[in-house]
Amino acid sequence: MNEDTRGPSQAAAAATGAVEEKEKKEEEEKGKEEEREKLPPILTASSTAASGVVERGAKGQLSAFSSSISAISQKKEVAEKRSSPPQPVIPNIKNVKDLPTICLDVRQKQRLSIDSLSVEMKAPEMKAPETKEPTLLVRNKTMKDFQEDIEKAKSSGEWKEVHDFYLTTFDSFLELSAVFKKDANTPFNTIEDSGINAKFVNAVYDALLNTPQDIQKSVLKGVINSLLREWKGPRSKDDLRAYFILLQNPQFNNTSTYVIYAHLLRQIATLVEADHHFLAHWFKKSSQKRFKQLVDRLLQFISLRLFPAKPEEFPPMTKCSWWIPSATKVLALLNAANGLAHLPIIPYTDFYNSTLDHIDLMEEYHTWQCFGNSRRFSFCQYPFVISIAAKKIIIQRDSEQQMISIARQSLVDKVSRRQRPDMNMLFLNMKVRRTHLVSDSLDELTRKRADLKKKLKVTFVGEAGLDMGGLTKEWFLLLIRQIFHPDYGMFAYHKDSRCHWFSSFKCENYSEFRLVGILMGLAVYNSITLDIRFPPCCYKKLLSPPIVPGDQNTPVGICNVTIDDLYQIMPELAHGLNELLSYDGNVEEDFYSTFQVFQEEFGIIKSYNLKSAGDKIPVTNQNRKEYVQLYVDFLLNKSIYKQFAAFYYGFHSVCASNALMLLRPEEVEILVCGSPELDMHALQRNTQYDGYVKTDLTIRYFWDVVLGFPLDLQKKLLHFTTGSDRVPVGGMADLNFKISKHETSTNWLPVAHTCFNQLCLPPYKNKKELKQKLIIGISNSEGFGLE
């Protein structure tokens, strides 16, 4: 329903009359009322209530509905006060313990995986309490009948049949469930099947917005009456089905319906945990289009409540502080449904609310830090709605505060010992020799462990110059390149997956793995993008757990891994294991394998049992799943435990912060390595020039060529000029990309200074020559240009 829709106000008056009749009934029965949960009054702007003026159109009609509802609710409150102690109307936001488990507690030490969540939801004990289902109504109108009625109404202009259908259908929860149930005689009490004819629901809602205004008003009136119903005991499955249907109502895209929408969201948010599990499993079967509409509607509701275009449209924030928490909890329900689906219905980034980038994020963070999930609402309790850009801001500011705190403490210590303060004490100063880069870096970081959270500055011994950012980036690039070289032996490069993985070779000292972890932590801390290629599984392990446990004996870096994780590292081996799982013949006789695996270490073949006495246990058709799971766990967890534990502790020695608990593994990867999404038009808009202006012929040739490049060449150009083919979290604007004029012969190739994201471009005379030289340059360099 559009904002500017206009319609008669008689419907609102009729609604008020009906409501007055209902008031009389309630007044007569008030003595018999038992104490039960009440729908809190729907709050409206005081000006609307005071004036009593019914505006024309949809908004005016809603104002009348809202006023009527407020009158009823206030009447009920008066009756309630006479017979029972006063009850709070607005739920206390601090009672977050009532949240369903699907709204994961991000402060927990061990992050729950979607797999464990899915199993938990399927467990028998998660079923809703058994309730006696009401007498089933039978409605025989089919989707085809409904569509024929719509076509007849459009051609004849007579909408009575359609109006009666909508009026009856939305009159109560029981009617809603009866109309849209696939089979009236089947209870549909299982968690996997809602029993709702989704196509019929979609057809009814798609047609609704094109019907006359009186029909749309009747639907809203029916929703109001349903929400005002007095609940006795637990919700039935028909009630859950009604919530499931009502949440999809497209009328809630209109801000004039937000008062009703808010109450629907609160009722869904306050359902018991088992009911939430049913709804999550039902929503996971939604189509991508419909599911995204639900998510976008909720995100829009939150955004407009935070920053209303017309503040007078809504009640004051102080009187409806529960709106945003209720909507966010329902959004958490959909987020859980998205995770429960075999493949995510929509990308996790579609849950981001970019509006939150403009609120006081540190206040949200500190509220969460102080009160956790138990008292006051904070968006940090629901990190899936916070964008990676906003999370980066939180992490950076948290890092800056830690840097300032540690630097201040160093200054106080100096003064207390009556020593002269030195500016160098405010930084993590690294002095290294290029010829001994790894050993010097390891020694410096070990010696200055207490300074890791200070601002990083790098000096190369024997070289003049101040580190204004370029030397730091060069240090990272050189060190990463050397450590990840195959000859160094710390990491194995897998060509099929184009990523590195930890070498399982045993050694006496794992300090260099700790160094790599510290490097990654320093990169996040100092906003440096690294050219590292770890599989997603690595970042999942890095957050297992997200906070370093106090007990040193607690395992770290161990997470649930599957054959899908192995595919991301060793696709050929994973394919072979899948073949074993799907083999039709006799596994024991044909494969002749046991629960024992072999690995080559420095030319020596070593054997490892996957379980006790594994060398004596044959792999059979019955136990092959166990064999594959143990093998994957051995490769990705057990065989590299000491290496990864050192890496884990190194990373967290720099990045130890509760802010890490806000991150998904994929988001940690983006913070470390940048985003793979390239926008060369954004790069063009944000490029700086030295010696050129953007209208110069050479520059125009350059962008014509680059924008016409295929993706692989665009990535090579980015890698050539910046040392990485990925984009920082802040986008191309954060690259500070510069094109400088190279006053040399046009026979020369372009040159890049990766430490400064600078491309030196000779003034080529034509586009063909520029394209030829540029492709040669970016295709035959490893990132430091051809200097």
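Predicted model: local features only at pLDDT ≥ 70, side-chain atom pairs only at ≥ 80, totals over all residues.
Residues are numbered from 1 along each chain as its sequence is written, and side-chain values use heavy atoms, with hydrogens and water left out.

The parallel counterpart is found at strand β1 (residues 427–432), which is joined by six bridges to strand β2 (residues 455–460), with Leu428 standing opposite Leu456 in β2. Together with helix α17 (residues 437–447), β1 and β2 make a right-handed β-α-β unit, where right-handed means that, with the strands pointing away from the viewer, the path from the first strand over the helix to the second runs clockwise.

Now to the aromatic rings. How many aromatic pairs does the structure hold? There are 47 aromatic pairs, counted for rings of Phe, Tyr and Trp (its six-membered ring) whose centres lie within 6.5 Å, with planes under 30 degrees apart called stacked, over 60 edge-to-face and the rest tilted. One of them is the edge-to-face pair of Phe291 and Phe351, with 6.4 Å centre to centre and 70° between the planes. Because Phe291 lies in helix α13 (residues 288–306) and Phe351 in the loop between α14 (323–340) and α15 (361–371), this pair ties together parts that are 60 residues apart in sequence. Phe291 is buried at 0% relative accessibility, where buried means under 20% relative accessible area, exposed over 50% and partly exposed in between, using a 1.4 Å probe and protein chains only; Phe351 is buried as well, with a relative accessible area of 0%. Elsewhere, ring pairs link Phe484, Phe491, Trp501, Phe502, Tyr510, Phe513, Phe534, Phe644 and Phe647 into a cluster.

Next, the second largest pocket, which holds about 1300 Å³ of space. The search runs on a 1 Å grid over the protein atoms alone: a cavity is a set of points where a 1.4 Å probe fits but cannot get out, a pocket is an open set with protein on both sides within 12 Å along at least five of seven lines, and lining residues have an atom within 4 Å of a point. Grid points are joined across faces, edges and corners, and the volume is the space filled by probe spheres set on the points. Which residues lie nearest the centre of this pocket? Of the 42 residues that line the second largest pocket, those are Tyr493, Arg498, Asp531, Arg533 and His719. The elements giving two or more residues to this lining include α18 (470–483), β4 (499–502), α20 (536–542) and α29 (711–722).

Some backbone details deserve a look as well. Ser544 and Pro545 are joined by a cis peptide bond, with omega about -5°, and Pro545 lies in the loop between α20 and α21 (563–567). Asn736, although not a glycine, has a positive phi of about 55°; Asn736 sits in the loop between α29 and β8 (738–741) and is partly exposed at 45% relative accessibility. Asn757 also has a positive phi of about 55° without being a glycine, but Asn757, in the loop between β9 (751–753) and β10 (758–761), is buried, with a relative accessible area of 10%.

Finally, two contacts along the chain. Arg266, in helix α11 (residues 258–269), is buried with a relative accessible area of 4%, and its C-alpha atom is separated by 7.8 Å from that of Trp322, 56 residues apart along the chain. Phe173, in helix α7 (residues 173–180), is buried at 3% relative accessibility, and the C-alpha atoms of Phe173 and Leu246, 73 residues apart along the chain, are separated by 9.2 Å.

Conventions. Pairing = 2+ DSSP bridges. Helix = DSSP H or I, 4+ residues; strand = E, 2+ residues; numbered from the N terminus.
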